[in-house]
Every structure is written in C-alpha cells, then in structure tokens.
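Let's take a friendly walk through a protein fold. Have a look at the structure below, and then we will go through it step by step.

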Amino acid sequence: MLRERGLRLTPQRQLILEAVHELGHATPEQILHTVRERAAGVNITTVYRTLELLEELGLVSHTHLSHGSPTYHAAGEDQHVHLVCRNCGGIDEVDPAIMNPVSEQLLKERDFRVDVGHVSLFGVCGDCKE
C-alpha cells in the first residue's frame, strides 16, 4: 500500500505497524517503548507521524479512551465498543451490536449515524467493583 502511493516501507514504519498489531490497543508512548526494544534510535515524533500516515492509508485507526493520548489498533480488526475501567485502566471489547438500540434511536430522532468504531464506555470493571 505504501509503495502504491510512492512511499517506502522503512524499517521504522514496519516496526511501528508490527507494534500496533502486537499490542492490540496502545498509545503512541506504549508503541514507542515496544519499538525501542528493537530500534533504540526511534523517537516519539517518528511514531506520531507514522501513525498518522498509517491511519491515512487505512492500516490503523485510533480512538480516545481517556484524556491522554489516543489509542491505536489495527484497522483490519472487527469494529468493537471499548469498555474502559476508570479504576484500573483496563480495556475490554464488546460486539458493536450492543449499541444498536441507541444507534437506531439517534438515527430516528436526530438523523445521526454513530461511528461505533470510536465508541468508548467508561465505568468500573467487575474486578474493581468488588
């Protein structure tokens, strides 16, 4: 895909893409940490620029799971709703069909189409509730 757009698949780009796939949901800082285990010279600016490029190409997507950095994951994954625990920071995923009643009501009442791939619900997980 990169070559089709006249771009090179550099070692840094390859490492960053591999880190996204390996980590599942990860912030740019977490991706940097993983990449630096293999290539110490990569910096955070390179990670952010590469993630932007990979997102433009449709290879990764991001969502905001907190007030901090965006969280990236491979774009080829099925869409899912993120469940984020405010206590431990854990992230779980559920089928986007869980949002169907809300999505249908928003479409009917507001002509608003929900992008389920970017939905994050915050609360307390079962482990932390106890």
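Does H1 pass H2 in a left-handed or a right-handed crossing? The crossing is right-handed. Keep in mind as you look that this is a predicted model.

Let's stay with this pair for a moment. Two packed helices are described by the angle between their axes and the distance between them. For helix H1 (residues 11–23) and helix H2 (residues 28–36), the axes come within 9 Å and cross at roughly 115°. Angles of 65 to 115 degrees count as roughly perpendicular, and H1 and H2 are therefore roughly perpendicular to each other.

Which residues meet here? From H1 come Leu15, Ile16, Ala19, Val20, Glu22 and Leu23, and from H2 come Gln30, Ile31, Thr34 and Val35.

Now follow H2 to its other partner in our tour. H2 packs against helix H3 (residues 44–56) at an angle of about 115°, and their axes lie 9 Å apart. This crossing is right-handed. On the H2 side you will find Pro28, Glu29, Ile31 and Leu32, which meet Ile44, Val47, Tyr48 and Leu51 of H3. The residues of this contact divide into 7 nonpolar, no polar and 1 charged.

Finally, step back to the whole protein. There are 5 helices and 5 strands, arranged along the sequence as α-α-α-β-β-β-β-α-β-α. The C-alpha trace spans about 45 × 40 × 20 Å along its principal axes. Of the 130 residues, 35% count as buried.

Technical notes. Residues numbered from 1 in each chain as written. Predicted model: local features only at pLDDT ≥ 70, side-chain atom pairs only at ≥ 80, totals over all residues. Heavy atoms only, no water. Axes fitted to C-alpha atoms, helices over the stretch in contact; angles between N-to-C directions. Helix = DSSP H or I, 4+ residues; strand = E, 2+ residues; numbered from the N terminus. Parallel < 35°, antiparallel > 145°, perpendicular 65-115°, else oblique. Left-handed = near helix turned anticlockwise from the far one by under 90°. Contact = heavy atoms within 4.5 Å. Nonpolar A, V, L, I, M, F, W, Y, C, P; charged D, E, K, R; others polar. Buried < 20%, exposed > 50% of the residue type's maximum accessible area, 1.4 Å probe, protein only.
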